[in-house]
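Please read the following note beside the sequence and the model. The points are numbered so that each can be taken up separately.

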Protein chains: 2
Amino acid sequence: MIQVVRQGGEVARDFVKRFRVRSEAAGKKVDAAVTEILEAVKHHGDEAVRAYTLQFDGALPESVEIDRPQMEQLAKSCDPSFLSALQKAAANIENFHARQKQQSWLEPRADGVIMGQRIRGLHRVGLYVPGGTAAYPSSVLMNAIPAKIAGVEELVMVTPPGKDGRPNPNILAAALTAGIDRVFLVGGAQAVAALAYGTETIPKVDKIVGPGNIYVATAKRQLYGIVDIDMIAGPSEILVLADETAKPAYLAADLMSQAEHDRMASAILLTTSEQIADETVKELYRQIEALSRKEIIEESLDRFGAVILCDNMEEAVSFANELAPEHLEVCAENPMEYIGKIDNAGSVFLGNFSPEPLGDYFAGPNHVLPTSGTARFFSPLSVDSFLKKSSFIYYTKEALQPVSADIMKLAETEGLTAHANSIQVRQ
Amino acid sequence: MIQVVRQGGEVARDFVKRFRVRSEAAGKKVDAAVTEILEAVKHHGDEAVRAYTLQFDGALPESVEIDRPQMEQLAKSCDPSFLSALQKAAANIENFHARQKQQSWLEPRADGVIMGQRIRGLHRVGLYVPGGTAAYPSSVLMNAIPAKIAGVEELVMVTPPGKDGRPNPNILAAALTAGIDRVFLVGGAQAVAALAYGTETIPKVDKIVGPGNIYVATAKRQLYGIVDIDMIAGPSEILVLADETAKPAYLAADLMSQAEHDRMASAILLTTSEQIADETVKELYRQIEALSRKEIIEESLDRFGAVILCDNMEEAVSFANELAPEHLEVCAENPMEYIGKIDNAGSVFLGNFSPEPLGDYFAGPNHVLPTSGTARFFSPLSVDSFLKKSSFIYYTKEALQPVSADIMKLAETEGLTAHANSIQVRQ
């Protein structure tokens, strides 16, 4: 299921190579199929959306838009303890993300010059929510709440109908909790296209966020520039740093919590203790028996799981920074001292009582995180992701005059005489 | 050269269509050629870079890296008044962007929970600077200074050698001013590939920024995800809002200052005054005669220039928001009252003495701006563009216990029992 290897050795190097190329690239067939869907929806709107829904989902929902009374009706059918947990999670997510909000600012100068930056929410955002077993209410909260805090005026959700042509009530409960404005029962690349171009019933948005299958991801990638998109999420991953004070039962449970996501997920333990390594492997075998997604866990641990022995925590931290994991747990004696050492990770979980699922569902920070080593340069989804900025410049005649010669010199050096002329005419 | 049309009319609608599809898409041939270059550099490093440099630039520079003494030597050969203007511009850019810097934060709670966000600069960034007539020192400042403020540890610049195998001294002066750490005389898609993958001499970076021709832009697009990139810049554009108090001579000069960039550039005047419209057209004919890039200006105004009459300023503002221009000038009696009305624009220039070239070169806000209507959702290049964030979560046993049931409920509702198990083992 998983092997214990030494960092720096050949097997560890092979593992890193396997880990790195794990992302699934869309083949040419998927690319071409998606291009065709996008073109059809662009030119034929709702008619094309309906045709693809019939083709891919097998049935048309009674009504494409779920109105508010319907949402409320369906949400009432949910388990009350689920609804209560959802409310608490939403409050935590709201509290954390409220700290991220940036404000417009201006810098007025004594000579009359005023410059600054206007920061405002995007006008309209689309949120894709997968159907079937990947319909996660937590994802609705994580994508929608930062958008609301950013001041997005309208949040539009699309989600494929179930096999019975009906929506998933848990998803609608999350949509209500998160303040989604409109919900459409449409899925796949056709839903993404409808959001990007607008149709007779589905409004055109400025940005599309949310996870989806390879068709959804490819549609988003192809439409980037027509609309903004969030990251293209790769398979999930967790890396756990453990010193000799860590608890093998916790480590094993946390590794499997990510391994269960899908067969491409990766779970890596870096530890300085051979004993911790061996006991964690034993715990994996022990705990997996009770888990409903045992087969998926076995396969992902087989392919992308590793327990790697490091000489010391410095080596482990440096290796973790090289891998730049989506989730990073620090199970060490003084976990806080690692915050400033971990340069590349989406979300960092410190200590023995901060398991990754706490962050997935509840604590407040976002669970939409950079995968596949992109934490080297990408950041978690945040309020920033839903803001746009414009700078503004106001100069007076008196302020422009003394700097005119400098501006003209720079323009002329670049050979742009019409730029210089625009300053010259104002003298 | 340019026509006066009425907003809402057929000609104006045709113009909008032409304006929107102006972006140059790379053909399949360019795409395939770039893919080949990227693969070659990935697998053969410097050897491939040298071969392509010989093939495309016609000669190999004496040394690929320009060291600091060489940079200083070359900068000394520049016009002193250019160097002085460059220093002043750099100081303004630094002052404006310093306001954008975000700080790491944490939120400690009474129950021992600590959560927060670490914000730090990217480790290493690559800056592409075109050669030939598009070698703009101002671009070096605008791309490099925000990166330095963000705390980027190493800034690597690549730029193609001139026909004599030598670098452009003005570019090197700007590189010194902006604090670039290393400079390599390499251009084209091979330079972009070298930055993304690293070679024996050129270090691998985390993000690539800077303008370039269609090969450079295509290379950046293909490498997105391997590294981060800035926007893919489309042709430049300016939209001027003018009421009856505007000065036709200024308007004409400002329209041409963008029209001179290239044959795809667009310049649009929206005005409420027929007299202002007519006089601006006369000014265009009068002023163009003295401009060195007259031919380019004529062609871009012919194809993508327009003077559009609006019934009132509200209509003009609403049309401007629809077009979402890169640069927007407000030449109106009370320009400040427009700041809060302009939702979609990269940079806004207020009043009769804030011409667009003031922002291009000198005032301080960035000149790397969203083009082709993407100001609907994209923002100017900023310090943010060079930061990455990680969230962190620290919970205690006492803080985890009371929320465990909620977390497990959410995990179980999503069918993720290994997530629930990671909380369960800690009870």
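1. How far apart do the C-alpha centres of domain 2 of chain A and domain 3 of chain A lie? The two centres are 46 Å apart. Chain A is divided into domain 1 (4–23 + 235–363), domain 2 (28–229) and domain 3 (395–424), with bounds that come from an automatic or database domain assignment.

2. A word on conventions: this is a predicted model, in which local features need pLDDT of at least 70 and side-chain atom pairs count only at pLDDT 80 or more, while totals for chains, interfaces and linings use all residues. Residues are numbered from 1 along each chain as its sequence is written, chains are lettered from A and ligands numbered from 1 in the order in which they are written, and side-chain values use heavy atoms, with hydrogens and water left out.

3. The contact between the chains (heavy atoms within 4.5 Å) takes 115 residues from chain A and 115 residues from chain B. Together chain A and chain B bury about 10,200 Å², of which 57% is on carbon and sulfur atoms; buried area here is the accessible area (1.4 Å probe) that two parts lose on being put together, summed over both.

4. Across this interface there are 71 residue pairs in polar contact, both residues being at pLDDT 80 or more. A polar contact is a pair of N or O atoms within 3.5 Å, where within protein one must be able to donate a hydrogen and the other to accept it, and residues adjacent in sequence count only if both atoms are side-chain atoms. On the side of chain A that touches chain B, helix α4 (residues 80–98) gives the most, with 9 residues; helices (H or I, at least four residues) and strands (E, at least two) are DSSP runs, numbered from the N terminus. The residues of that side divide into 56 nonpolar, 33 polar and 26 charged, where Ala, Val, Leu, Ile, Met, Phe, Trp, Tyr, Cys and Pro count as nonpolar, Asp, Glu, Lys and Arg as charged, and the others, Gly among them, as polar.

5. Side chains of opposite charge can pair when their charged atoms come close. One salt bridge joins Arg426(A) to Asp254(B), with the closest N and O atoms 2.8 Å apart. Another links Arg120(B) and Asp343(A) at 2.9 Å, N to O; this pair crosses between chains, from strand β4 (residues 114–121) of chain B to the loop between β13 (327–331) and β14 of chain A.

6. Strand pairing also spans the two chains: β14 (residues 347–350) of chain A and β15 (residues 387–394) of chain B pair in the parallel sense over 4 bridges, pairing being assigned if DSSP finds at least two bridges between two strands. Here Ser347(A) has Ser391(B) as its bridge partner in β15(B).

7. In chain A, 6 strands make an open sheet with mixed pairing, in the order β2-β7-β6-β5-β8-β9. Its edge strands, β2 (65–66) and β9 (228–229), each pair on one side only.

How values were computed
A salt bridge is a side-chain nitrogen of Lys or Arg within 4 Å of a carboxyl oxygen of Asp or Glu.
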